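Okay everyone, thanks for coming.

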Amino acid sequence: AALAAVHPDDVPAVLAGRARALETGAPLGYEFRGAVPAADGGHRWFRTRGQVVRTAAGAPVRIVAVTTEVTDQKRAADERAALDR
């Protein structure tokens, strides 16, 4: 259900980020485009950060994460990079 909010081209990267956190114990973190465009027709960008909650034996139980829209920050960074070029 949560993957329905992810742009289809970014689903593999989101799944890879989840798998990496589950397999390695590393913090969960990735950026992705939303499936629904912004009002101006451009992409809406999101950043997810979180962690895998595990049992005492180390088995994953759930993922706890927060997803934040970062479209404005992403566009500003792209504009800065274009100006630097």
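So, how many helices and strands does the secondary structure of the chain come to? It comes to two helices and three strands; here helices are DSSP runs of H or I with at least four residues, strands are DSSP runs of E with at least two, and both are numbered from the N terminus. Going along the sequence, you get the pattern α-β-β-β-α.

Before I go on, a bit of housekeeping. This is a predicted model, with local features needing pLDDT of at least 70 and side-chain atom pairs counting only at pLDDT 80 or more, while totals for chains, interfaces and linings use all residues. Residues are numbered from 1 along each chain as its sequence is written, and side-chain values use heavy atoms, with hydrogens and water left out.

Let's start with the overall shape. The radius of gyration of the chain is 15 Å, whereas a compact globule of 85 residues would have one near 12 Å. That radius is taken over C-alpha atoms, and the globule rule is 2.2 Å times the number of residues to the power 0.38.

What about burial? Of the 85 residues, 22% are buried, where buried means under 20% relative accessible area, exposed means over 50%, and partly exposed is in between, with a 1.4 Å probe and protein chains only. The chain exposes about 5700 Å², and carbon and sulfur atoms supply 56% of that; those areas come from the Shrake-Rupley method with a 1.4 Å probe, and for residues only the protein chains shown count as cover.

Now the strands. Strand β1 (residues 28-33) pairs with β2 in the antiparallel sense over six bridges, and by pairing I mean that DSSP finds at least two bridges between the two strands. Across that pairing, F32 has F46 in β2 as its bridge partner. On to β2 and strand β3 (residues 60-69): those two are antiparallel as well, over nine bridges. Two places to look at there are V52, standing opposite I63 in β3, and T48, standing opposite T67 in β3. The two strands form a hairpin with five residues between them, and G58 in the turn has a positive phi of about 95 degrees.

One reminder while we're looking at strands: in a regular strand the side chains alternate between the two faces of the sheet.

Let me zoom in on T67, in strand β3. Leaving out residues up to four places away in sequence, T67 touches F32, F46, R47 and T48, and a contact here means heavy atoms within 4.5 Å. T67 and F46 are 21 residues apart along the chain, with their C-alpha atoms separated by 6.5 Å.

Next stop, W45, which sits in strand β2 (residues 45-54). Beyond its neighbours within four places in sequence, W45 is in contact with E31, F32, R33, T68, E69, V70, T71 and K74. The C-alpha atoms of W45 and A35 are 9.6 Å apart, and those two residues are ten apart along the chain.

A5 is partly exposed, because its relative accessible area is 44%. From A5 to F32 it's 27 residues along the chain and 9.7 Å between C-alpha atoms.

For contrast, take E23 in helix α1 (residues 11-24). E23 counts as exposed because its relative accessibility is 67%. E23 and G42 are 19 residues apart in sequence and 34 Å apart in space, C-alpha to C-alpha.

That's my tour, so let's go back to the model and discuss.
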